[in-house]
Each structure stands twice: as structure tokens, then as C-alpha cells.
Amino acid sequence: MPLRVRLTLWYGTALAIVLMVFSVVLYAMTARNLRDAVDQSLEETATTAVRSLEERGFLPLINEEELLSQFPELTRIDKFFQIFSPSGTISIRSPNIKQHEVPLSRTALDTAIAGQSIFESAKYPNEPPLRLISMPIMYRGNLLYIVQVGTSMESVGETLHRFLILLVVAIPIALAVSLAGGWFLAGRALRPVDKITLAAQRIAAGDLSQRLSMPAAHDEIGRLAATFNNMIGRLDASFSQIRQFTSDASHELRTPLTVMKGETDLVLRRPRALEDYKSVLESNLEEIDRMSRIVDELLFLSRADMGEVKLESLPVGMESLVEDIHRQATQLGQDRKIEVVLGTVMSVVVQGDDLRLRELLLNLVENAMKYSYQGGKVEISLLNDGREARLSVTDHGIGIARADHKRIFQRFFRTDVARAHTKKGTGLGLAICAWIVDLHKGRIEVKSELGQGSTFTVVLPLVHSTA
Ligand SMILES: Nc1ncnc2c1ncn2[C@@H]1O[C@H](COP(=O)(O)OP(=O)(O)OP(=O)(O)O)[C@@H](O)[C@H]1O
Ligand SMILES: [Mg+2]
């Protein structure tokens with residue numbers, strides 16, 4: 001069932017129940033109030049009559065005409081009265097009781113004997129119901145007479161009947177009007193949802209560059225549209241990232257393959273000296289090494305993406321780690337006369353994976369050496385500011401343009417300056433670094449100007465602050 005129908009039905013049902021309960025309560029209260037008013041008026045009349053009779057000294061009871069002329073309030077047309085003797089027989093009754101006798105009931109008599117008044121209802125066939133009050137007249141503790149005043153409930157019945165008809169007619173009308181209003185409002189409220197659905201269908205069928213154009217209202221619909229656009233944006237970004245990644249990866253793998261094919265073709269063209277074959281095979285081996293490194297790194301990154309790479313979480317003394325890498329790097333730098341020095345190295349313990357942290361630092365130091373000029377200097381330092389560990393690698397090499405500071409962490413991205421500077425490198429190192437830093441709940445910062453050198457700083461939480 002469409003939401004609009006369901007909303008309207010729910011709304012209609014709730015409203016119908018409320019109206020029904022309201023009407024029943026209203027009807028019951030009105031009926032009760034009307035009856036109370038009748039009772040009150042009966043009681044007043046009876047009290048007046050009793051008081052007048054008492055003033056006259058009760059006796060002797062005269063005939064009807066005389067009584068009526070003395071107490072005109074007893075002859076009001078809408079009421080009749082009777083006076084009974086203590087035995088329950090009628091002594092006097094007003095002339096407006098026409099059709100039949102209205103005898104005193106047993107209960108009324110008993111109550112009167114006990115000195116109490118009583119209200120009763122009586123019903124005779126083909127007549128509106130009657131309401132009666134029976135009030136005793138006592139003299140020195142003895143029951144002298146019983147005055148009964150009665151009235152027809154006809155007008156009350158009519159009023160109630162009219163009220164009932166009004167309710168029966170008005171409620172369905174009110175309900176119908178409200179349902180129509182509800183239907184209209186539900187339709188209006190849901191119209192933007194329809195719009196979003198249509199737009200979403202268009203986006204699903206076509207390109208991901210489309211966005212929903214929605215009013216900037218900050219209501220539920222506005223938020224839905226914003227969330228939807230956000231989601232499409234992220235999908236778009238990750239799809240294009242995947243496309244880029246695939247094309248980059250193929251490209252990176254094709255280059256060594258092309259080199260290998262070219263050299264092999266060339267050497268096979270005619271018989272060669274053994275030396276030539278050897279040198280081609282050696283060159284091929286280099287390319288194969290390069291390719292398997294790329295494939296290894298890609299495999300590692302994709303496993304990392306899928307959450308399949310688990311890290312240790314143990315306290316790691318960074319000081320000795322830095323010293324180890326320094327030693328390793330000093331050796332690597334000898335060929336190109338690059339000096340690797342230690343700056344300030346404080347004692348720092350972080351929580352994490354020793355091997356991955358080594359890999360991280362080595363990647364940064366390798367980059368620093370790779371992108372330094374011959375005879376350059378690379379500095380490693382480790383600071384502890386009480387809250388975080390700051391591990392920095394500084395070089396004075398080719399530097400990175402501002403615009404590229406973010407992109408160097410993307411897979412396969414290499415700056416043009418870097419490509420011109422050295423052929424070595426695939427652009428995966430920093431992506432792996434970023435991943436390692438991320439899993440250690442740290443961050444990596446780059447400070448660099450083109451041609452001025454770079455500083456990469458890894459900020460890691462200290463061991464006590466991660467606990
Ligand atoms: N210290 C640095 N100085 C200048 N540019 C740098 C430095 N470190 C990184 N870059 C730039 O960032 C790019 C990405 O670095 P990354 O380490 O990911 O790749 P790579 O060193 O080129 O290849 P590899 O995958 O072998 O590490 C580099 O190609 C280079 O353009
Ligand atoms: Mg690198």
C-alpha cells in the first residue's frame with residue numbers, strides 16, 4: 001500500500017476513534033446534565049409545596065381546586081403532582097395526569113416512611129418516560145403525607161435525540177473533510193520523496209556525476225537529499241579512484257614488460273655472444289624484481305583495504321628503532337654520498353607493530369634520500385612533547401609543490417619533478433605509510449616547498465594516552 005494511503009488511513013482511524021470517544025462522552029454528559037436539571041427543578045417544586053403545606057399547618061387537606069388556587073406553582077403545565085396518604089393511596093392529584101394512574105412505588109413508600117426523598121423514573125407504553133420525586137411530610141416524627149411531583153422527560157428526550165442526529169451527521173462530515181485534508185497534506189509532504197526517487201532513478205541509470213537539486217531546507221527531506229548527494233559523491237569518487245588505480249597499475253606493470261620484450265626481441269634477432277645474453281637476462285631480472293615488488297605492494301594494499309592485514313599492538317621503543325634505521329640508511333646513502341644524521345632523539349614508547357613502524361620510517365628515509373641531491377643531508381629526529389610522539393625526516397632535496405601535498409599519498413601518484421629526478425619508484429610507498437599511520441591512530445604531516453626540501457612528520461599517540 002502506498003505510504004500516502006497508509007498515512008491517511010492511520011490518521012483517519014485515529015481521528016475517528018477520537019471523535020467517537022469524544023461524542024460518547026459528550027452525549028453521556030449532556031444526558032446527565034439535562035436529567036440533573038430536571039431533578040433539581042422537581043426537587044424545588046416539591047420543596048415549595050411541602051413548605052407551603054407545613055405553613056398551613058397541614059390540616060385539613062382541602063380539595064384540589066382550593067389547593068391549586070393557593071399554590072399556583074403546583075399547576076405548571078410541565079409538571080403534575082399527587083399527594084398520597086401514608087398508606088400509599090392517593091388523596092389529591094393535579095388534573096394534568098390524564099391518561100392513567102401513576103401509583104406510588106413500594107420503594108418510594110419505604111423511603112418516605114424512613115423520612116427520605118427519592119427520585120424515580122417510570123415508563124408507560126407509548127409515552128415518553130416520566131421522572132418523579134416523592135417527598136415525605138413529617139410531623140413529630142410521623143409520616144403525614146407523601147408529595148409526589150413528576151414531569152415528562154419528553155423535551156429532554158427530544159433534545160438528546162436532536163443532539164444525537166447532529167453528532168451522527170456531523171461526525172462523518174468532519175471525518176470526510178479531515179481525511180481529504182490528510183490526503184492532501186500527505187501528498188504534499190511526500191512529493192519531494194517522489195522527486196528524490198525519480199532523480200535517484202535517473203542517477204542509477206546514467207552517470208554518477210548527477211546530483212539531486214533540492215531546496216536548501218534543513219528538514220527531513222533536505223537532510224535525505226543531502227545524505228543522498230553525499231553518498232553519490234563518495235561513490236563517484238571511489239569509482240573514479242578505482243578506474244584511475246586500474247589504469248595506473250596496468251601502466252606501471254606494462255613499462256617493465258615493454259622493456260623486457262624489447263630487449264629480448266633485440267637479442268634474439270641474431271646469434272649473440274654469451275655475454276650479451278647474460279646482460280639481457282640480468283636486465284630482465286631487474287625488471288622482474290621491480291614488477292614483483294609492485295605486485296607485492298599492491299597485494300599488501302588490497303589486503304589492507306579488505307582488513308585482512310593484522311597489526312601487532314605492543315609497546316614499541318621508538319628510540320632503538322630510529323637508531324637501527326639510521327644505521328641502515330647510512331649504509332644505503334654511501335653510494336650517493338648522502339649523509340644521514342640523527343637530530344634530537346628522545347625516549348618514546350608507542351603502542352603498535354614494530355615491523356610496520358620500521359617499514360614506515362624506512363619508506364620515509366628512502367624517499368628523503370631518493371629525492372635529495374648528491375651529497376645532500378637527511379635528518380631523522382624523534383620528539384616527545386608529553387602527549388604525542390613526533391617522528392620527523394627532513395631532506396634538502398627536490399621538494400613537493402603545495403598542490404601535490406595531498407596527492408602524494410595516493411597510490412601510484414608521483415610528481416613530475418620526482419619522475420624527472422629518478423626513474424626508480426612506483427608511487428606506492430607513501431600510500432603504505434599512510435595506511436600504517438592510520439592503523440596506529442596517528443597522522444602524517446608534510447612541510448615542503450618545491451626545490452627547498454621536505455619534512456615528513458609522523459605523529460603518534462604515546463603509549464599511556466592510548467590506554
Ligand atoms: N622526500 C621527498 N621529497 C620530494 N618528493 C617526495 C618526497 N617523498 C615523496 N615525494 C613525492 O611523493 C611521491 C610518492 O612517494 P612514494 O614514496 O609513495 O612513491 P615513490 O617513492 O615514488 O615510489 P615507491 O613506491 O618506490 O616508494 C613521490 O613520487 C614524490 O613525487
Ligand atoms: Mg617512496
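**Figure 1. Packing of helix α10.** In this predicted model, the buried residues of α10 pack against the helices α6 (274–305) and α8 (354–370) and against the strands β11 (443–449) and β12 (453–461). Helix α10 itself spans residues 429–439, and its buried residues are Gly-429, Leu-430, Ala-431, Cys-433, Ile-436 and Val-437. An α-helix has 3.6 residues a turn, so residues three or four places apart point the same way. After α10 comes Lys-441, which has a positive phi near 60°.

**Figure 2. Surroundings of ligand 1.** The shell around ligand 1 holds 21 residues, of which Arg-414, Ala-418, Gly-425, Gly-429 and Leu-430 are the closest. Gly-429 and Leu-430 also belong to the buried residues of α10. Helices α8 and α10 each contribute at least two residues to this shell, and α10 provides the largest share, with three residues. By residue class, the shell consists of 10 nonpolar, nine polar and two charged residues.

**Figure 3. Contact between domain 2 and domain 3.** The domain assignment divides the chain into domain 1 (3–158), domain 2 (220–305) and domain 3 (314–466). The centres of domain 2 and domain 3, taken over C-alpha atoms, are separated by 24 Å. Nine residues from domain 2 and seven residues from domain 3 take part in the contact. On the side of domain 2 that touches domain 3, α5 (220–268) and α6 each supply at least two residues; the largest share, five residues, comes from α6. This side of domain 2 comprises six nonpolar and three charged residues, with no polar ones.

Methods:
Residues are numbered from 1 along each chain as its sequence is written. Chains are lettered from A and ligands numbered from 1 in the order in which they are written. This is a predicted model: local features need pLDDT of at least 70, side-chain atom pairs count only at pLDDT 80 or more; totals for chains, interfaces and linings use all residues. A residue is buried if 20 or more other C-beta atoms lie within 10 Å of its own, exposed if 12 or fewer, and partly exposed in between; C-beta atoms are placed from the backbone. Helices (H or I, at least four residues) and strands (E, at least two) are DSSP runs, numbered from the N terminus. Two residues are in contact if their C-beta atoms, placed from the backbone, lie within 7 Å. Domain bounds come from an automatic or database domain assignment. Ala, Val, Leu, Ile, Met, Phe, Trp, Tyr, Cys and Pro count as nonpolar, Asp, Glu, Lys and Arg as charged, and the others, Gly among them, as polar. A residue is near a molecule or strand if its C-beta atom, placed from the backbone, lies within 6 Å of it.
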